Amino acid sequence: MQTMRNIITTVLLTVFTGLHAQQPTLTELYQQIDEAIEQSPKFVADYEAQISRARTVYLQERNAERRMEQAKELYELYRAYNNDSALAYIQQHIALADSLGHTEKADHGRALLAFQCSTVGLYTEALRILQPISSHRLSKEDKCDYYIACMHVYGELGYYTRISSMRDRFFQQSELYRDSIFQVADPNSEDYLLRKETQLYAAKQYEEALAVNSRRLKMAQPGTHEYAIVSYYRHLIYIAQGNTEQGKYWLAQSALCDIRNAVMDQASLISLAELINAEGNYEQSYRYIRFTWDCNSSFNTRMRSWQINPILTVIEKNYDNELKRKSRILKTTMTGISILALLLAAALFYSWRERKQLRRARAAQEESNRELKRLNSQLASQAETLSELNSQQAALNGQLAEANQVKEEYIGRFMSLCSQYVNKLDDYRKMVNRKMKNRDLDELFQITKSTELKEKELEELYENFDSVFLHLFPTFIDDFNALLQPELQIHPKEEHRLTTDIRIFALIRLGIEDSSKIAEFLHKSVNTIYNYRARIKNGAAGDREHFEQAVKTIGRYTV
């Protein structure tokens, strides 16, 4: 029979090991715990938000039945987070159940209240709460919780009493209630398996207890508070077997889950801090025990404070001794470094004196070399300056020659255009005279009424302006577009022609900035010219306030 149990245990352990092959190492778990402690305010805030939502629903609920159940849900949320709130809400649940005549639910609530009291060391109160409960009135499920509460109270009394006769009696009573749990609980439930595991553990049947724990671990969702509880019991079994590394591993798993779930009733991290302290890792153990102290202060029970205080005292003492030891080492190291620094300073002084004598021997030669280099540098600088001035003068001469050539060319173009317009006016005069002489007044009226001639002449004027301007500033369109955002750049459809937008800024480039003059030249309204200018400036790639000033510099000669 024993052989068969060993085989089953081995198979379960093999399956479990395969399922958890990718689990982190102990070192990685320590690192994750440190990170979780840093992020603890976020975990607490998230949990507080969850509680706040549940509390809002509870406060807004008007139906007594639902309010009773919501009070119980709030108890479940608070039971490992804040003891006072947990006690308050389970009492609210009991009071509502009594007022509604739900005796069974009220008694079940009292069982939960008694368990919570015994958890925080209120054993007398727990016994008084359990005393009036009649188990025969409870359902099978509620009866299990009642037996669990009774077992827990007597188990805690047996563990903490210093009177041996009473200890035995309390433990016997606790075992009787455990047997009662076995009778009413589902053999595959957590309630049943946990008590079975602790029974096997107390009997030192560690392999069998580990097999039961493996079943519980498969039932628990990783990362939950339930997973933390199973991991904690698993660590107890490994420690009892002498496997400290595995014990620390599962204790670290339990502590990590508790921190991430904002559990304030810390037990795992206390034990982990104690184990790590025994190994001499005082800084890490101190960090852990301080965190658990803060958590359990928030949970608000004297029981945990009594448990933590002696451990905290030992760890603080060891941590203080470690700090003093490191301080002594640091002082010794600093003394050695100071002596080495003095020796190094002496060596540097000797080396400096020797080098000073060598520098004196080379000083005269270096001085003459520097003077020669200085003269050569001055001569080279003067030659370079002269060359640069010659280059600038040549460039300026070229620009002046080009400007003179442009001036001559455009004066000729201007004279030619004026002559052409005089000839056109004379031709027009002759045509009008001829029509009047022949009394073709209707035809003459139609001719003078049409704007075709004006539009034709304006088109010719703009064509001549575009041709002259682009000849004067051949890169104006590209330079102008460079000042605009890419998606707002303007590209004329015809080569060597300007659009109205560009023609406005071409006039600005020539010094005609007055919108009324530009409007007169382009035969547009002043408002239209204002709108064109504003729209183009809004599309500027740089500062819109300096856009027109930048346009005025396009094609400008620089020396």
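Guide: Helices here are DSSP runs (H or I, at least four residues), numbered from the N terminus. The model is predicted, so local features need pLDDT of at least 70 and side-chain atom pairs 80 or more, while totals for chains, interfaces and linings use all residues. Numbering starts from 1 along each chain as its sequence is written, and side-chain values use heavy atoms, leaving out hydrogens and water.

Your arginine is R178, in helix 9 (residues 164–184). R178 is buried (under 20% relative accessible area; exposed is over 50%, partly exposed in between; 1.4 Å probe, protein chains only). Yet R178 has no salt bridge (Lys or Arg side-chain nitrogen within 4 Å of an Asp or Glu carboxyl oxygen). The nearest side chain of opposite charge, E175, is 4.2 Å away (Lys and Arg count as positive, Asp and Glu as negative; His and chain ends are not counted). Leaving aside residues up to four places away in sequence, R178 touches M151, R195 and Q199 (heavy atoms within 4.5 Å).

Elsewhere, charges do pair up: the structure holds 20 salt bridges. In another, K248 meets E245 at 3.1 Å, N to O; the two sit 3 residues apart in helix 13 (residues 244–260), about one turn of the helix. K248 counts as buried because its relative accessibility is 5%, whereas E245, at 47%, is partly exposed. Finally, D98, D107, R110 and R137 are joined in a salt-bridge network.
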